[in-house]
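Please view the sequence and the structure below before reading on.

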Amino acid sequence: VGGGGGRGGGKRGADATVELRVTLEEVFNGAERKASISRRVVCRGCKDIRQGSADWNAKCASCGRCPPEIRLVQRQMAPGFMVQQQEQVQSRDFCKSEAVELDALIERGMGDGSALTFERMSEQTPGVIPGDVKLLLRVQPHPRFKREGKDGKDLRTDISISLKEALTGFVREVLHLDGRTVLLSKPAGQVTRPFETLSLKEEGMPVHQMPSQRGTLFARVTVDFPTGPLTAEQRVAVERLF
């Protein structure tokens with residue numbers, strides 16, 4: 001929770017920061033999420049209702065005293081010498097805890113740590129303008145894709161191919177974050193080296209606030225070599241090739 005300065009000419013309360021876990025799919029495609037928070041609100045009008053009355057039980061039964069308030073008082077320290085001091089006094093107002101649902105619009109291309117601001121939705125205190133709630137996005141690790149590059153606009157993944165495919169060419173389907181299938185390939189006759197990186201432009205992350213622009217998808221290729229010893233026939237076949 002961070003403090004805030006004055007806004008609108010009045011004393012302003014502290015901002016509150018809340019983390020929201022999101023998936024890489026959600027920041028790739030855009031999404032709408034609900035975020036639930038609990039905050040203190042002032043029970044309007046309850047300070048003028050007698051506790052225990054029918055009106056109190058109907059409107060204010062769930063309310064308790066608001067946190068103590070700070071007020072300035074003048075005190076005489078010596079003849080002709082007055083000082084101004086702060087003192088804590090019991091609030092005349094009543095407060096309660098309220099559950100609130102925030103509608104979070106996750107835009108395409110947003111990054112880890114991006115903040116959504118909900119003005120004046122933080123805790124209420126009598127005589128104080130509520131601060132903001134800042135919803136901080138935390139993008140969770142993905143099992144197949146990793147975001148990288150400048151501004152996080154590129155994606156990286158890994159694919160594996162056989163030794164035969166490495167020598168003769170291959171086509172590999174990759175399921176993308178929006179459900180599409182994209183193709184990574186090497187033409188017949190071209191050799192793929194272990195840990196070689198292939199790329200597809202415009203298949204990376206959307207650029208935030210410019211979602212028509214996309215980064216690059218990079219795929220690191222691992223080659224699955226035979227794990228057991230070659231037979232005599234296999235050795236002869238390899239020697240003939242090379």
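Which residue in E12 is the bridge partner of Val171? The bridge partner of Val171 in E12 is Ser185.

This is a predicted model, in which local features need pLDDT of at least 70 and side-chain atom pairs count only at pLDDT 80 or more, while totals for chains, interfaces and linings use all residues. Residues are numbered from 1 along each chain as its sequence is written, and side-chain values use heavy atoms, with hydrogens and water left out.

**Overall form**

- The protein chain holds 4 helices and 14 strands; these are DSSP runs numbered from the N terminus (helices are H or I, at least four residues; strands are E, at least two).
- The radius of gyration is 31 Å, well over the 18 Å that the globule rule gives for 242 residues, so the protein chain is more spread out than a compact globule. The radius is taken over C-alpha atoms, and the rule is 2.2 Å times the number of residues to the power 0.38.
- The C-alpha trace spans about 110 × 50 × 40 Å along its principal axes.

**Burial and contacts**

- Of the 242 residues, 34% are buried (buried is under 20% relative accessible area, exposed over 50%, partly exposed in between, with a 1.4 Å probe and protein chains only).
- Among contacts with a separation of 6 or more, 58% join residues 24 or more positions apart; a contact means heavy atoms within 4.5 Å.

**The hairpin of E11 and E12**

- Strand E11 (residues 170-175) and strand E12 (residues 181-186) pair in the antiparallel sense over 6 bridges; pairing requires that DSSP finds at least two bridges between two strands.
- The hairpin has 5 residues between the strands, and Gly179 takes a positive phi near 90 degrees.

**The loop between E7 and E8**

- Pro130 sits in the loop between strand E7 (115-118) and strand E8 (133-139), and counts as buried because its relative accessibility is 16%.
- The C-alpha atoms of Pro130 and Ala14 are separated by 7.2 Å, although the two residues are 116 residues apart along the chain.
- Arg120 lies in the loop between E7 and E8 as well. Its relative accessibility is 42%, so Arg120 counts as partly exposed.

- Most residues other than glycine have a negative phi.
- Arg120 has a positive phi, near 60 degrees.
- Phe195 has a positive phi near 70 degrees and is found in the loop between E12 and strand E13 (197-207). Phe195 counts as exposed because its relative accessibility is 55%.
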